[in-house]
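Q: I would like to go through this structure with you, one region at a time. Could we begin with the pocket?
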Amino acid sequence: MDRIDTMKAFTAVVQEGSFTKAADRLGLSSQLVSKYVSQLEEHLKVRLLNRTTRRVNVTEAGRAYFERCLQVLIDIEEMDNALTNLSETASGLLKVSAPMSFGIHHLPSALVQFQQQHPDVRLDITLTDKKVDLLEDGVDVALRIGQLSSSSLIAKKLTPIKLVVCASPEYLAERGEPMTPADLIHHNYLHFSYSDLGAAFGRFGEHFSALKIPSDLACNNGDMLVEAAIAGRGIVVQPTFLVSKALRSGKLKAILIDYTPEPFGLYAVYVHRKFLASKVRCFVDALSQHYGKTPYWDAIDD
């Protein structure tokens, strides 16, 4: 029994949730993948997976072993890279998760530049505003926007994300322009449904964190909310990477300038480990250099 092959098969089944999908990913037959996992369970004298006709569930022992297997396989990859002097020429498949709107508007140019510098890296990008489980979903790097809570993951800040309160000139002409955050109770808020009102307006300061602001539209996508604001539906609090063009063209007007919300940050998040895979390190460094301390969407306005 080749221990490395069995560990690769087992981790692939856990990540894919299926023997068939794991087999496709590894380029093996599903029967061989099942055989590898059975050999591993027999060797360890413990059940790692509960199999049914429809799904595969990981046991408690299997979850613990899965996390250790990932670490071992990562370390082996890093040793191979070091021995073959691949630290500057990263290679292999890199799975990345990124926020939807940011990924659409500002990730493609960074990815093109990265792959020009590292042509041996293959990218698998998933755009979602939901927080993924890096270990369970097999993600190498997740890009996240916000103020991150402490965890066992490593987070590197890539660039600041400024927020702006804005509305269309037509909306403000009809409803009046708020002069203080307290005036927002007389307006309609276009609500980003992945954050509560306190998370958005609480960034004005503790005094305004409990504001009860009317809202008749909620959406889990910032692009739609920006378009609704341009159409005169209400007021939005959105990052400058989404609204800078509309602000420059006059389709939106920044308001409450004296009460600018505290900025968020764009972070690269990856699993804590002593030796970071070359492809991950190179990718994070490339994004940090691409966006910088003052990202290009803000530098245009400065």
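Predicted model: local features only at pLDDT ≥ 70, side-chain atom pairs only at ≥ 80, totals over all residues.

Q: What volume does the second largest pocket have?
A: The volume of the second largest pocket is about 870 Å³. Its lining is made up of 26 residues, and those closest to the centre are Arg 25, Leu 73, Glu 77, Leu 93 and Lys 279.

Q: Which elements give two or more residues to that lining?
A: They are α1 (3–16), α2 (19–26), α4 (60–83), β3 (92–98) and α7 (134–137).

Q: And how many of the lining residues are nonpolar, polar and charged?
A: The lining of the second largest pocket has 13 nonpolar residues, 9 charged and 4 polar.

Q: Let us stay with β3. In which sense does β3 pair with β4, parallel or antiparallel?
A: β3 pairs with strand β4 (residues 121–127) in the parallel sense, over 7 bridges.

Q: What about β3 and β5?
A: β3 and strand β5 (residues 141–146) also pair in the parallel sense, over 2 bridges. There, Ala 142 of β5 stands opposite Ser 97.

Q: Moving to the aromatic residues: how many aromatic pairs are there?
A: The count comes to 8 aromatic pairs. One of them is formed by Phe 10 and Tyr 65, a tilted pair at 5.8 Å centre to centre with 45 degrees between the planes.

Q: Where in the chain do Phe 10 and Tyr 65 lie?
A: Phe 10 is in helix α1 and Tyr 65 in helix α4, 55 residues apart, and the pair thus links distant parts of the chain.

Q: Are Phe 10 and Tyr 65 buried or exposed?
A: Both Phe 10 and Tyr 65 are buried.

Q: Which residues do ring pairs link into a cluster?
A: The cluster consists of Phe 102, Phe 241, Tyr 291, Tyr 296 and Trp 297.

Q: Tell me about Tyr 296. Where is it placed?
A: Tyr 296 belongs to helix α13 (residues 296–299). From Tyr 296 to Phe 241 there are 55 residues in sequence and 8.9 Å in space, C-alpha to C-alpha.

Q: Why does Tyr 296 count as partly exposed?
A: Tyr 296 counts as partly exposed because its relative accessibility is 32%, and that class lies between the cut-offs of 20% and 50%.

Q: What does Tyr 296 contact, aside from neighbours within four places in sequence?
A: Tyr 296 is in contact with His 105, His 106, Ser 109, His 290 and Tyr 291, neighbours within four places being left aside.

Q: Now Thr 159. Which strand holds it, and is it buried or exposed?
A: Thr 159 is found in strand β6 (residues 154–161). Thr 159 is buried because its relative accessible area is 1%, and buried means under 20%.

Q: What does Thr 159 touch, not counting residues up to four places away in sequence?
A: On that basis, Thr 159 touches Gly 265, Leu 266, Tyr 291, Gly 292, Lys 293, Pro 295 and Trp 297. Thr 159 and Ala 268, which are 109 residues apart in sequence, are 9.9 Å apart in space, C-alpha to C-alpha.

Q: On to β7. How many of its residues are buried?
A: In strand β7 (residues 163–167), 5 of its 5 residues are buried.

Q: How are they divided between the faces of β7?
A: Leu 163, Val 165 and Ala 167 are on one side, with Val 164 and Cys 166 on the other, and both faces are covered. In a regular strand the side chains alternate between the two faces of the sheet.

Q: And what does β7 pair with?
A: β7 pairs in the antiparallel sense with strand β10 (residues 236–239), over 4 bridges. Cys 166 stands opposite Val 236 in β10. β7 also pairs in the antiparallel sense with strand β11 (residues 253–255), over 3 bridges, and Val 165 has Ile 255 as its bridge partner in β11.

Q: Finally, the protein as a whole: how many helices and strands?
A: The protein has 13 helices and 12 strands. Of its 302 residues, 43% count as buried.

Technical notes: Residues numbered from 1 in each chain as written. Heavy atoms only, no water. 1 Å grid on protein atoms, 1.4 Å probe; cavity = no way out; pocket = protein on both sides within 12 Å on 5 of 7 lines; lining within 4 Å. Points joined across faces, edges and corners; volume = space filled by probe spheres on them. Nonpolar A, V, L, I, M, F, W, Y, C, P; charged D, E, K, R; others polar. Pairing = 2+ DSSP bridges. Phe/Tyr/Trp six-rings, centres within 6.5 Å; stacked < 30°, edge-to-face > 60°. Buried < 20%, exposed > 50% of the residue type's maximum accessible area, 1.4 Å probe, protein only. Contact = heavy atoms within 4.5 Å.
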